[in-house]
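I opened my notebook to look at how two chains sit together. Here is what I looked up.

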Amino acid sequence: MARRSRSALERATVVTPDLERSETRAKSRRGFLLALPGYAYLMIFFAVPMLIIFVYSFGTRSATGRTILGDWNLDSYRRLFDDFVLSVMWRSFWLALVTTVICLVISYPFAYYIATRGPRLRGLLMVLVMIPFWTNFLVRTYAWRLILGRNGPLSALLGFFGIEEARLLFTNTAILIGLVYGHLPFMVLPLYASIERLDWSLVEAARDLYASGWKAFRKVTLPLSMPGVVGGTILTFIPSFGAYIEPELLGGAQTMMLGSFIENQYYAVSDWPFGSALSFVIMVLMLVGTIVYFRKGGRTA
Amino acid sequence: MTVQSALRRRGLLERLLATHSWLVYAFFYAPIAVLVVFSFNGGRQVSIWQGASLRWYRQMLQDAALLSALRNSLIVAVVSTIVATALGTATALAMERFRFRTQRVYEGLLYLPIIVPEVTLAAMMLVFFIQAFDYIGRITGTPPNLSLTTIILSHICFNISFVTVVVRARLAGLDPSLEEAAADLYANRWKAFRRVTLPLIMPGVLGGGLLALTMSLDDVVTTSFVSGPGSTTLPVYVFGLVKKGVTPVINAVSALMLLASMTLVFSSLLVQRGGSARKSKAREKERAS
């Protein structure tokens, strides 16, 4: 009761600058308190772990595989430039890049087609995209192992057409198929969102001004859908670069990617300082890359 | 270029686009279909068809390790989803409706778990828990082990971010004047929240929760890093089976996991449909008055 009458009184009084300031301060405190549980959680369980692996990356691996803290050095960072490490990074980079490009080329006309249907059909078609997006990732990747396997459905199909069985499983191609299949919805969704929102009268205006279809697309449609392209490439490239499940299930010994390599440092090799240095550097690269790419994409859009 | 030829070209382009789109759908669904069909395969070979049978489903139900992994998965998913949804919703409200100090720091912190590659997150969690357990062991004498708890704590970490993103999107589309009106009508802030804001953002909260549930049920990498002996979840167990050598039981398990995912999709669609139906009904009422 007292509370209510006081707040009524507050509302009735003329708002002085002093009162206003204390009101905003109270509101800011309330916002902070509301955010606090999540904030504190991520500080403890994300920021602190990040700090810890940063510290670990300067440690040393003992002969028994334990991590010696103290005796700090830069050896783990120097090892990032070993030929083998660079080759793994390079393979991850270009596999992720090719995945992203293939996804973009497949998804753009696909998203364009869906976005230009009537509203009812559009909704239905998008549901059909959402279903694989929500479906268990591991299971979807496993399905390809089944399909590409020796004497599997694909080789049976190819055999039917008289094509000799080619070994697909455990190659870069198999990883690529898995990566594209797994990340296609991540590309389609942002593209669809930005094409659907497009102001078509601008495209019509371009056509009225005698731009050819291709020119209108290149000068109007494409730039306007750029936010979707930027969003989609980030959502596809980052998880592909750090992919673990696809190369483990579909790749072979010769096709190691970064995800498996980092995992090895923690289990098989038990070299935590090096694993931590790798993790940290990749995190920073991804962050900087994302920010720069967003800025650039934002400008052209 | 005559009008006719322009139209003809248009029709051709349209047909090309349509064909392309149906091929993409085929690409999406063919593997899923193959998997379901082969889960009913009677033979010992994983990918050679040898007649229909429920043999592997029966064998699956007798696998005690698998059933315990399933139970673990459900516990982890439910607990981490509930906690993450509560924390994420509060965070979304604070971010969209308030301005407070160090807000931008938190903003950055929220996006990190989404941007960072999963193996990196997993490694961070592992090192953190081992280091923390070392300290706890030094103080109490008995260091704790990696367990279901560490899995749950890690899942909450990435799920807070996902829930926050979804609920914020919902909040950003809402008219703040509704909440302001509520705040004027109900003197009690909590009541205003419960009667007005919460029902309005409910589709976002449920959508975020379902996303969190899916993420948790899907997760292999982080979970396998921070799970201890006896605390395997279903995806980690299946992943191990696949890597060891493929047995047809995996096809049956995968088909069931697929079914579970589909159930989640449809419930999330129903939730969204419910939200938009309520919205359009409200809009109609507005128009009528």
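My entries follow, one topic at a time.

**Ground rules.** I am reading a predicted model, where local features need pLDDT of at least 70, side-chain atom pairs count only at pLDDT 80 or more, and totals for chains, interfaces and linings use all residues. Residues are numbered from 1 along each chain as its sequence is written, while chains are lettered from A and ligands numbered from 1 in the order in which they are written.

**Chain B on its own.** I looked up the secondary structure and found eleven helices and zero strands in chain B. Helices (H or I, at least four residues) and strands (E, at least two) are DSSP runs, numbered from the N terminus. I then looked up the spread of chain B. Its radius of gyration is 25 Å, well over the 19 Å that the globule rule gives for 289 residues, so chain B is more spread out than a compact globule. The radius is taken over C-alpha atoms, and the rule is 2.2 Å times the number of residues to the power 0.38. Along its principal axes, the C-alpha trace of chain B spans about 80 × 65 × 35 Å.

**Where the chains touch.** I found 67 residues of chain B in contact with 71 residues of chain A. Contact means that the C-beta atoms of two residues, placed from the backbone, lie within 7 Å. Which helix of chain B supplies the largest share of its side? Helix 1 of chain B does, with twelve residues. By class, I noted 52 nonpolar, ten polar and five charged residues on this side of chain B. Ala, Val, Leu, Ile, Met, Phe, Trp, Tyr, Cys and Pro count as nonpolar, Asp, Glu, Lys and Arg as charged, and the others, Gly among them, as polar.

**One helix pair.** I picked helix 2 (residues 17–56) of chain A and helix 4 of chain B, which pack at an angle of about 55° with axes 10 Å apart. That makes helix 2 of chain A oblique to helix 4 of chain B. Angles under 35 degrees count as roughly parallel, over 145 as roughly antiparallel, 65 to 115 as roughly perpendicular and the rest as oblique. Axes are lines fitted to C-alpha atoms, for helices over the stretch in contact, and angles run from 0 to 180 degrees between N-to-C directions. Among the residues that meet here, I listed Tyr39(A) and Phe46(A) from helix 2 of chain A, and Tyr106(B) and Pro113(B) from helix 4 of chain B. This contact has ten nonpolar, no polar and no charged residues.
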